[in-house]
Amino acid sequence: MAILRELYPITGQGEFVFPNQNSAGRVISENTVLKIIETIGYKGKMTGHGFRGLARSILGDMGHRWEVLEAMLSHALVNQTVAAYVRTTYFEERRGIMQQWADYLDKIEVGAAVNAK
């Protein structure tokens, strides 16, 4: 949360953490994400979708419900009947998952051996 609070004045105090500077109301483009990945030294080794897939897989291994993880990735429900009845954003559950993910990444950063389960 501290990092997000620090970003708030930088990102224009808008709706998104990573807003598109050229198009109001939109997030950064896929090309911007690829440029960031290149800048941090992962060009050809990882993609934006690769990071999303990695997080989705590890969080799934941690035992989180698939429907919540799919909502976190803004994936539409495949089954139209289910989609017609699901009206939740799973906000509180997502908050807990993101804290667990942050804790997991913090452990990796300091070199701790981690197990997703």
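**Entry 1: helix 1 and what follows**

Helices here are DSSP runs (H or I, at least four residues), as strands are (E, at least two), and they are numbered from the N terminus. I then checked the cover of helix 1, residues 2–10, and found it hardly covered: of its nine residues, the count of buried ones is zero. Buried means under 20% relative accessible area, exposed over 50%, and partly exposed in between, with a 1.4 Å probe and protein chains only.

I note that this is a predicted model, in which local features need pLDDT of at least 70 and side-chain atom pairs count only at pLDDT 80 or more, while totals for chains, interfaces and linings use all residues. Residues are numbered from 1 along each chain as its sequence is written, and side-chain values use heavy atoms, with hydrogens and water left out.

**Entry 2: positive phi outside glycine**

I looked up serine 74, which is not a glycine and yet has a positive phi of about 60 degrees. Serine 74 sits in the loop between helix 4 (66–72) and helix 5 (80–85), and it is exposed, at 65% relative accessible area. Tyrosine 90 also has a positive phi, near 60 degrees, in a residue other than glycine. I found tyrosine 90 in the loop between helix 5 and helix 6, where it counts as buried at 16% relative accessibility.

**Entry 3: helix 3 against helix 6**

At what angle do the axes of helix 3 and helix 6 cross? I read roughly 105 degrees for helix 3 (residues 48–61) and helix 6 (residues 91–109), whose axes come within 11 Å. The axes are lines fitted to C-alpha atoms, for helices over the stretch in contact, and the angles run from 0 to 180 degrees between N-to-C directions. Helix 3 is therefore roughly perpendicular to helix 6 (65 to 115 degrees; under 35 is roughly parallel, over 145 roughly antiparallel, the rest oblique). Ala55, Ile58 and Leu59 of helix 3 make the contact with Ile97, Trp101 and Tyr104 of helix 6, contact meaning heavy atoms within 4.5 Å.

**Entry 4: an aromatic pair**

I counted one aromatic pair; rings of Phe, Tyr and Trp (its six-membered ring) pair if their centres lie within 6.5 Å, with planes under 30 degrees apart stacked, over 60 edge-to-face and the rest tilted. Tryptophan 101 and tyrosine 104 have ring centres 5.5 Å apart and planes at 15 degrees, so they are stacked. The two residues are three apart in helix 6, about one helical turn. Both tryptophan 101 and tyrosine 104 are buried.

**Entry 5: salt bridges**

I searched the whole structure and found five salt bridges, each a side-chain nitrogen of Lys or Arg within 4 Å of a carboxyl oxygen of Asp or Glu. Arginine 56 meets glutamate 70 at 2.8 Å, N to O. This pair links distant parts of the chain, with arginine 56 in helix 3 and glutamate 70 in helix 4, 14 residues apart. Arginine 56 is partly exposed at 25%, whereas glutamate 70 counts as buried at 19%.

Glutamate 93 and arginine 65 form another salt bridge, at 2.6 Å, N to O. Glutamate 93 lies in helix 6 and arginine 65 in the loop between helix 3 and helix 4, so this pair ties together parts 28 residues apart in sequence.
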